[in-house]
Amino acid sequence: MVWTLPNLLSLFRILAAPFLVLVAWLGFEELFLILFLLMLLSDALDGWVARIFNLSSALGARLDSYGDIVTYLTMPIGAWLLWPTLIQKEISYIIIAVIIYLLPGGVALIKFGSLASYHTWFTKFSALCMSLSLLVLLFSKDATLFHIAVYILVIEAVENIAITLMLPTQQSDIHSLWHAWKQRK
């Protein structure tokens, strides 16, 4: 089924991403933060709803990954439009985060011809850390947690790249590098 609640939650993020940039371009800080929070909430709920109601699917995993990509790529653009001084101050960490975030997807594209949707436990932890750190950064302008989240993102990227290199064929929903290694045997 295509029109399941988890898929709709992921689709919401995909469709909301251009509006996130638009409200930032128009200068609506509060609306930007509310929309970003809703996007983060939909990210937290889609997988949970899929597992609870047994609605997990390969399409859902891909939509979730696409939703994550557009959320985490449009957010810095919107933040740059609204808070250019803050973004300029943190630009090196932001560039590193974007590159590290995209790198595992690039490796999967090269190997499998499409993006990976592993949703590892560490990826979930990393997403939580990054989401919380971004909220703290935007609300308090304190970058400490964001810097820590970028280092956690590096570990996540290494795990996802290792999984891609280890698996002979593309798979979704791999819990960890250990699970990938176990499946390969």
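D68 and R13 form a salt bridge in this predicted model, with their closest N and O atoms 3.0 Å apart. The pair joins distant parts of the chain, since D68 belongs to helix α3 and R13 to helix α1, 55 residues apart. This contact is part of a network of salt bridges that links R13, D43, D46, D64 and D68, and the structure holds four salt bridges.

**Salt bridges of R13**

- D64 also forms a salt bridge with R13, the closest N and O atoms being 2.7 Å apart; D64 lies in helix α3 and R13 in helix α1, so this pair ties together parts that are 51 residues apart in sequence.
- The side chains of R13 and D46 meet in a further salt bridge, at 3.1 Å from N to O; with R13 in helix α1 (residues 5–25) and D46 in helix α2, the pair ties together parts that are 33 residues apart in sequence.

**Burial of the network residues**

- R13 counts as buried because its relative accessibility is 1%, under the 20% cut-off.
- D68 is buried as well, with a relative accessible area of 15%, while D64 and D46 are likewise buried.

**Positive phi values in loops**

- Most residues other than glycine have a negative phi.
- N54, which is not a glycine, has a positive phi of about 55°; N54 is found in the loop between α2 (29–52) and α3 (58–82), and at 70% relative accessibility N54 counts as exposed.
- H119, also a residue other than glycine, has a positive phi near 50°; H119 is found in the loop between α5 (91–112) and α6 (121–140), and at 16% relative accessibility H119 counts as buried.

Note on methods: Residues are numbered from 1 along each chain as its sequence is written. This is a predicted model: local features need pLDDT of at least 70, side-chain atom pairs count only at pLDDT 80 or more; totals for chains, interfaces and linings use all residues. Side-chain values use heavy atoms; hydrogens and water are left out. Helices (H or I, at least four residues) and strands (E, at least two) are DSSP runs, numbered from the N terminus. Buried means under 20% relative accessible area, exposed over 50%, partly exposed in between (1.4 Å probe, protein chains only).
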